Amino acid sequence: MVARNETTDAQNPRSASLQALIHAAASGDHACFAQIYQRTHVHLFGVAVRMLGQGQAAEDVLQEAYVSIWKNAGSYRSELGGQSIQPMTWLIAIVRNKALDALRARARRPESLWHDTAELADSDADVGDAQSAAASASAPAPSALHLLEQATQALRIEGCMNALDGTYRQSLALAYYQGLSHSEVAAQMGAPLGSVKAWIRRGLERLKSCLAAQGVGA
């Protein structure tokens, strides 16, 4: 009889332990990653909702958390410094950290950011975003398949961001990841406001082109 271990467990994701699933996901096993999602998304979505409130912000944090779980599954350790670390504790910590990042970004995002970025977006996209946010207010957490698609897309976005020239990448990161207004980005980078607006606009154009080449809708 074959001894029961994490490797054999992972061959049957439905019966595998959460720890075994995380280790298998670290090796690129999508089925095990999907099983992690199925077992934990309700609880982890609840953590995000308690910190951020029901709606798009909690869903965004959940998506970012699972992208991080997929990318960093190999860093999970069941024991650290002689102290046991349960898989769910590790997963919750990732969600909490993402939620705290979102709260910090929300706190320092001035109202002017919306005016600055509005001129970069089409009105149709704004309407679509508003409708999507309204619909998500009472919607459940996304499905496993949808989350995997979102995670893949997020990784492609990251790859395209890394391919941008330094000034484009830095200005976009400051504006959209750190929530700074265009004037704050200019102060942070020590550059004229007009240059920063041009960098963000061109960076978005190049990011859109890169994603389109990979079949990701902008």
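Me: In which helix of the protein chain is confidence lowest, and in which is it highest?

Reply: The general idea is that pLDDT gives the predictor's confidence in each residue, from 0 to 100, while helices are DSSP runs (H or I, at least four residues), numbered from the N terminus. Here confidence is lowest in helix α7 (residues 123-136), with a mean of 42, and highest in helix α2 (residues 18-26), at 92. Over residues 110-139 the pLDDT is below 50, and beyond near neighbours in sequence this stretch has 30 contacts in the model (heavy atoms within 4.5 Å). This is a predicted model, in which local features need pLDDT of at least 70, side-chain atom pairs count only at pLDDT 80 or more, and totals for chains, interfaces and linings use all residues. Residues are numbered from 1 along each chain as its sequence is written, and side-chain values use heavy atoms, with hydrogens and water left out.

Me: Which residues does a disulfide join?

Reply: A disulfide is a pair of cysteine sulfur atoms within 2.5 Å. In this structure C160 is joined to C210, with S to S at 2.1 Å, and the link is left-handed, with -75° about the S-S bond. The pair links distant parts of the chain, C160 lying in helix α8 and C210 in helix α11, 50 residues apart.

Me: Is C160 buried or exposed?

Reply: Buried means under 20% relative accessible area, exposed over 50%, and partly exposed in between (1.4 Å probe, protein chains only). C160 is buried, at 2%, whereas C210 is partly exposed, at 23%.

Terms used:
Helix = DSSP H or I, 4+ residues; strand = E, 2+ residues; numbered from the N terminus.
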